[in-house]
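Here is a quick tour of a model, written for someone who likes the cut-offs spelled out. Have a look at the sequence and the fold first.

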Amino acid sequence: MAENETLECITEHERILQEIESTDTACVGPTLRSIYDDQPNAHKRFMEKLDARIRNHDREIEKMCNFHHQGFVDAITELLKVRTDAEKLMGQVTDTNRRLQEAGREVTAQTEEVICCRIQQRNMATTVEKLQLCIPVLEMYSKLKEQLESKRYYAALKTMEQLEKVYIPRVSQYRFCQIMAENLPRLREEIKEISMSDLKDFLESIRKHSDKVGETAMRQAQQHRTFNSAVMKQASMGHYAKPVYSLNGRTHTHNGLMMDEDTGDEEEADEEILTAQDLVDFSPVYRCLHIYTVLGDRETFENYYRKQRKKQARLVLQPQANMHETVEGYRRYFNQIVGFFVVEDHILHATRGLVTRAFTDELWNMALSKIIAVLRTHSSYCDDPDLVLELKNLIVIFADTLQDYGFPVNRLFDLLFEVRDQYNETLLKKWALVFREIFELDNYSPIPVETEDEYKLVVSRFPFHDAEIEKQDFPKKLPMSQSVPQIYTQVKEFIYASLKFSESLHRSSTEIDDMLRKSTNLLLTRTLSSCLQNLIKKPHIGLTELVQIIINTTHLEQACRYLEEFITNITNVSPETVHTTRLYGLSTFKDARHAAEGEIYTKLNQKIDEFIQLADYEWGMAESDGRASGYLMDLINFLRSTFQVFTHLPNNNNDHASMSGKVAQTACMSACKHLSTSLMQMLLDTELKQISMGAIQQFNLDVIQCELFASSEPVPGFQGDTLQLAFIDLRQLLDLFMVWDWSTYLADYGQPTSKYLRVNPATALALLEKVYRGMKDTSKKNNIFSQFRKNDRDKQKLIETVVKQLRSLVNGMSS
């Protein structure tokens, strides 16, 4: 038992020793403590064991030292030998260091310079970096100044916001940024004041220009609605309904308006009309609204704007005292109101919350009550039917315009029974197209009638009665062209269309009759007259067509009394009534006829001028050709064939014969006078410097042909030598030169019985000087025999004497 305990104790001590040898000395404490915690006296045995282990290690150390001692001695010996070499090496190192230091002084100096440069570069980079931070701030501030100068205030506020929030905080430590930051509030106040000033200018401007804005808006609404409204009202009236008819393949209603016509003209008219945005610059409102919104003071701006607009609304609704006297007074009144609410509607839709629908409705309700009261008061003073018609038209357009902008106008339509709209203006525009189309399709030749049914059809459409034509056998021709019955039918259709709308107003027969006659007068004197005048002036209308137009206007003039009867039968108003308006168609067709006659004379003269331009006289010819010039013979042949057109016109009654004969005689006399004047101007042309007697003889032959033409009576009805008198000035002038009868001319000058009474001294002098120059030129070329030269000198002396006397006569006339 004791032996086992001893073995265990020895084993434990061995383990503890191994642990002490292998463990860090800092951790030995717990191990040693375990020795004292074991059996008593265990530490003594452990100390013994420890001493034994120490002795064992000492023996091992001694053996190790003995083993390595000789090597240690050898190493010391070698170290002593190296000491001398080390001292030598130290000297070499010292010397090398010295030489290296001397060689590195220059490198050290350059290195210091490099260090300075690097410091400068670092400072420059720092400066550039700071400038890059500052430059955007300065650029933005410069941009701000430019925006302020160009009055782009909203953009300027955005720029200020960017400066404050983005740019200035980056470089806030600099003084110039602090100055900028201090200036920004002041600039905001300036922008606020300027924008408010612009707003005041805008309010003043729209107050002045609301008339124009309203006028434009009402004209646009009229383009869109007047025609459709008229068609709907006419369709609701069946008492005077007429079947539709066809003209040029397009269907027309009873009122002459095309049902299938292209609306391109209306669209084009709409495009030409400007809108409120085109007439008013709303940018001050937008700009001011944006500015106040950005500045956080939008409510102040809204209140100010609404307050000012309410004041302007009250001013607009105040009518002039004499507004009822003219339609212009009503028009200005309506234009201002429409302009006001068009602007408000645009502001309502273009801005968010500046004005609200409730605000505009409040304004409109207030305005509507005032408008109705004003119209009822002032319309009661209107006793002129034309003014009532205009007033109704204005109310309709006024209501339609505001209805398009979303304002309720039901109460305004109750006033339409008190006024009359300008419906006939729309009809006049439509009928102008119908008349123009009729004239374009007309062949301007008498209407051929093959059978009795065709004759009755024409007579049923136009009141034509001629006993002689009725006695003729078929086929036969009526004197007017096909446009005459069409025009007459269209005038009746226009009366029907006007009547339908007039009835809807429950007017008296006298008022309706008066309205119908006035609208028909407008159709005849303005629309139809304008179409006729334009037709006559068209270049493709020839002489034959012009003559036919004269005949047509004569028949239309005769039909005016039937139109009067037609209106009387519709309205049952006697034409003997004091206030009945007469139709002015007689003067219209007379004016058109006179214009056509004048155009005939003009075209004849133009044609004569064309022939005259073909004249190619050889003014220096020695002798004439013995026959008239070719251009003149062609001109005479043209005149003969032209005047035959007049003789071939139908002259079944005395009126047509006298009319065509008068036109033919006037045209013939005008043509002869123009031809005579043109020939005289050709002789006296200032660019023509000299004329030979041979050229005078050739010119005389041409004038003889003109006189033969005049004496051949190209147009019957001239008395005696009336037509030949057109060439009397030329004849006497040429006879004076052909006979060379200067003594007689000078002796009898100024006497009523003078043979050369129509020869003006100035004319004779101008032509004589040209002949004199021609003779002098001929004498120089033919200077052969002296006796000829003597004859030439005698003749030249005679001419010089005559020239002096003629000049004295001319001077006497001028004095």
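Contact here means heavy atoms within 4.5 Å. With neighbours within four places in sequence left aside, N552 is in contact with D442, M480, S481, S483 and V484. Before going further, some ground rules: this is a predicted model, where local features need pLDDT of at least 70, side-chain atom pairs count only at pLDDT 80 or more, and totals for chains, interfaces and linings use all residues. Residues are numbered from 1 along each chain as its sequence is written, and side-chain values use heavy atoms, with hydrogens and water left out.

**The whole chain**

The chain has 28 helices and four strands (DSSP runs numbered from the N terminus: H or I of at least four residues for helices, E of at least two for strands). Of its 815 residues, 41% count as buried; buried means under 20% relative accessible area, exposed means over 50%, and partly exposed is in between, with a 1.4 Å probe and protein chains only. The accessible surface comes to about 45100 Å², and 52% of that belongs to carbon and sulfur atoms (Shrake-Rupley method, 1.4 Å probe; for residues, only the protein chains shown count as cover). Among contacts with a separation of 6 or more, 79% are between residues 24 or more positions apart.

**Two buried spots**

Back to N552, which is found in helix α19 (residues 543-558) and is buried, with a relative accessible area of 5%. Its side chain joins that of S481 in a polar contact of 2.7 Å (N or O atoms within 3.5 Å; within protein, one must be able to donate a hydrogen and the other to accept it, and residues adjacent in sequence count only if both atoms are side-chain atoms).

V491, in helix α17 (residues 483-503), is buried too, at 2% relative accessible area. Not counting residues up to four places away in sequence, V491 touches F435, T520, L523, L524 and L563. V491 and L528 are 37 residues apart in sequence, with 9.4 Å between their C-alpha atoms.

**Salt bridges**

A search of the whole structure turns up 15 salt bridges (a side-chain nitrogen of Lys or Arg within 4 Å of a carboxyl oxygen of Asp or Glu). Some of them:

| Pair | Closest N and O atoms |
|---|---|
| R98 and E102 | 3.5 Å |
| E362 and K310 | 3.8 Å |
| R731 and E707 | 2.9 Å |

R731 sits in helix α25 and E707 in helix α24, so this pair links distant parts of the chain, 24 residues apart. R731 and E707 are both buried. Salt bridges with shared partners join D95, R98, R99 and E102 into one network. Within it, R98 and E102 are about one helical turn apart because they are four residues apart in helix α3. R98 is partly exposed at 41% relative accessibility, and E102 is partly exposed at 42%.

**A patch and a covered helix**

What makes the nonpolar surface patch of about 560 Å²? The residues are F72, V73, I76, L79, L80 and V82. Patch residues have over 30% relative accessible area and no salt bridge; like charges are joined within 9 Å, nonpolar side chains (Val, Leu, Ile, Met, Phe, Trp, Tyr) within 5 Å. I76 lies in helix α3 (residues 42-149) and counts as partly exposed at 39%.

Helix α10 (residues 327-350) is mostly covered, with 18 of its 24 residues buried.
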